[in-house]
Amino acid sequence: MTDPLLRLDNLTTRFHQAERVFTAVDSVSFAIQRGETFALVGESGSGKSMTALSVMRLLPPDAKIVSGQAVLEGDDLFQLTEWQMNRVRGKRIGMIFQDPMTSLNPVKSIAIHIMEALKIHLGLTGEDAHIRCIELLHQVGIPQPERRLWDYPHQLSGGQRQRVMIAIALAGEPDLLIADEPTTALDVTIQAQILKLLKTLQEQRQMTLWLISHDLGMVADLADQAAVMQQGKIVEIFNKKDGPLFSNPKHPYTRQLLAALPKLDSCLQRQSQPAPPLLQVSDFRVWYPIRKGILKRVVDYVRAVDGVSFTLQKGKTLALVGESGCGKTTLGKAILKLIPATSGQVYFDGQELDTLPIKRRCRAMQIVFQDPFSSMNPRMLVGDIIAEGLKSLRPEMSKPARIKRTEQLLEQVDLSPEARLRYPHEFSGGQRQRICIARALAVEPQLIVCDEPTSALDVSVQQQIIELLKRLQEKTGVSYLFISHDLAVVAEIADQIAVMDQGKIVELGETRQILFHPQHAFTQRLLSSLPGKQLYSSSQTNVV
């Protein structure tokens, strides 16, 4: 057997915070062969990214490599000087960081980002660097690379920004490419494109790929070898030579992760009884004018939502699914009057929505936003955040009654009543999302718009949030307009699915019908793009 490209032996990394010492990476050992795809999987906080940052020697100031070796083609990376390590980063090991929006400089164009890497690692400047930039953008699938070269990060979509990150990482022509959560929060079709691109580039360049992910389905499709991490330790390693990845898990933690995955065929066991309509939307439009010229005349419109009609029944869940930018979130926010609509009719519980008093409307309809980090005021206590709606919409309620209601709501979402005296930053992502759900429930709404509430959560936390939403619906009879790009999550919770594409609903029907007998080509494409479909099925049911 040939020597591995990268070998880790008993790597241990610790954080020193005041008097507390925390072991983030605990005696980790594995080997990555040249040309293979290796995946490190586990939940947030398990030590996946910290392992890669240790290898790259990009640790935060309070972290330190305590012991171990990281040997890259005979060179122990931990014995190199910082100057020598700078020749390794980007040239021999490239890295795609998790969040392209924070990794790209917002005041520099795409060309400057790529040319910087080309100059440092290959010595290319001027016209040669310009030509190579265009070639790299073309390689990673950016349309019209000559024109987009001088665009800024905010002018690109999420998928395009991720492609630019890949282009920057490839600029130094590395032997090993580390991809840290390269598809998190991307919709399934863009995710499929990014994964196909990484695999194609790997084959073309004979490159080794190290994936870091909590998406077991994606890893099962793409990796040759996978290691499962828990609390800084590797608990199990799978190899495709021994059969499909994750097909025979031995460790309880791996089994727990696989059991937590949402199942596409869970909708087949669910019996849905018809109920009276709660929300009726007819020919709804949200258009944004495109203005040009000195006088800024309207020359066209961006049709974000274009003639959408649907009905949501009382106590039921309607899921809006589609790619990023198809108009799902815009539709949800416009129904709640958070952004203005262009035209259309909305009836709520038999009354035209525009005729309802604003306080009645706010009490009847609430929203859980996608990002629990930015949707809460970091300077407010959790109790005040939850009680804010009660203060505004139920002013007759006394302070002791509000405190009691807040504690009841925290218990409802499986948090301690004492949590009301803490700040948002003291909670994990899943706990923050629970607080957002408690805030939405405070005024006892009939409808909650859930905007991608589980998109960036680990599978076990995701499962907990789904179960919580289902339990609350059974208890309170609340209806959900559930916005998501994750079809497996939708299968677990939705009674009906509306598939959106370019501002229109292209297919609408019962969940089982949409997932197992899709009629529209776009729905079929969404389902075919879902990675690791065998992991999302609890039976041998065929999914398109």
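**Exercise 1. Determine which hand the crossing of H4 and H7 has, and describe how the two helices pack.**

Solution. 
Step 1. H4 and H7 cross in the right-handed sense; a crossing is right-handed if the near helix is turned clockwise from the far one by less than a right angle, and left-handed if anticlockwise. This is a predicted model, where local features need pLDDT of at least 70, side-chain atom pairs count only at pLDDT 80 or more, and totals for chains, interfaces and linings use all residues. Residues are numbered from 1 along each chain as its sequence is written, and side-chain values use heavy atoms, leaving out hydrogens and water.

Step 2. Take the geometry. Helix H4 covers residues 110–122, and its axis lies 8 Å from that of H7, at an angle of about 15 degrees. Axes are lines fitted to C-alpha atoms, for helices over the stretch in contact, and angles run from 0 to 180 degrees between N-to-C directions. Helices (H or I, at least four residues) and strands (E, at least two) are DSSP runs, numbered from the N terminus.

Step 3. Classify. H4 and H7 are therefore roughly parallel to each other. Angles under 35 degrees count as roughly parallel, over 145 as roughly antiparallel, 65 to 115 as roughly perpendicular and the rest as oblique.

Step 4. List the contacts (heavy atoms within 4.5 Å). Ile-110, His-113, Ile-114, Ala-117, Leu-118 and Leu-122 of H4 meet Val-164, Ala-167, Ile-168 and Ala-171 of H7. The contact of H4 with H7 has nine nonpolar residues, one polar and no charged. Here Ala, Val, Leu, Ile, Met, Phe, Trp, Tyr, Cys and Pro count as nonpolar, Asp, Glu, Lys and Arg as charged, and the others, Gly among them, as polar.

**Exercise 2. Work out how H7 packs against H8.**

Solution. 
Step 1. H7 spans residues 158–171 and H8 spans residues 188–205. Their axes are 10 Å apart, at about 15 degrees.

Step 2. H7 and H8 are therefore roughly parallel to each other. H7 passes H8 in a right-handed crossing.

Step 3. On the H7 side, the contact uses Gly-159, Gln-162, Arg-163, Ile-166 and Leu-170. Their partners in H8 include Ile-190, Leu-197 and Arg-205. Seven residues of the contact of H7 with H8 are nonpolar, three polar and two charged.

**Exercise 3. Trace the strand partners of E11.**

Solution. 
Step 1. E11 (residues 277–292) runs antiparallel to E12 (residues 297–313), joined by 13 bridges. Phe-284 has Val-308 in E12 as its bridge partner.

Step 2. E11 and E12 form a hairpin with four residues between them. In the turn, Gly-293 has a positive phi of about 85 degrees.

Step 3. E11 is also antiparallel to E14 (residues 343–348), through five bridges. Leu-279 is bridged to Phe-348 in E14.

Technical notes:
Two strands pair if DSSP finds at least two bridges between them.
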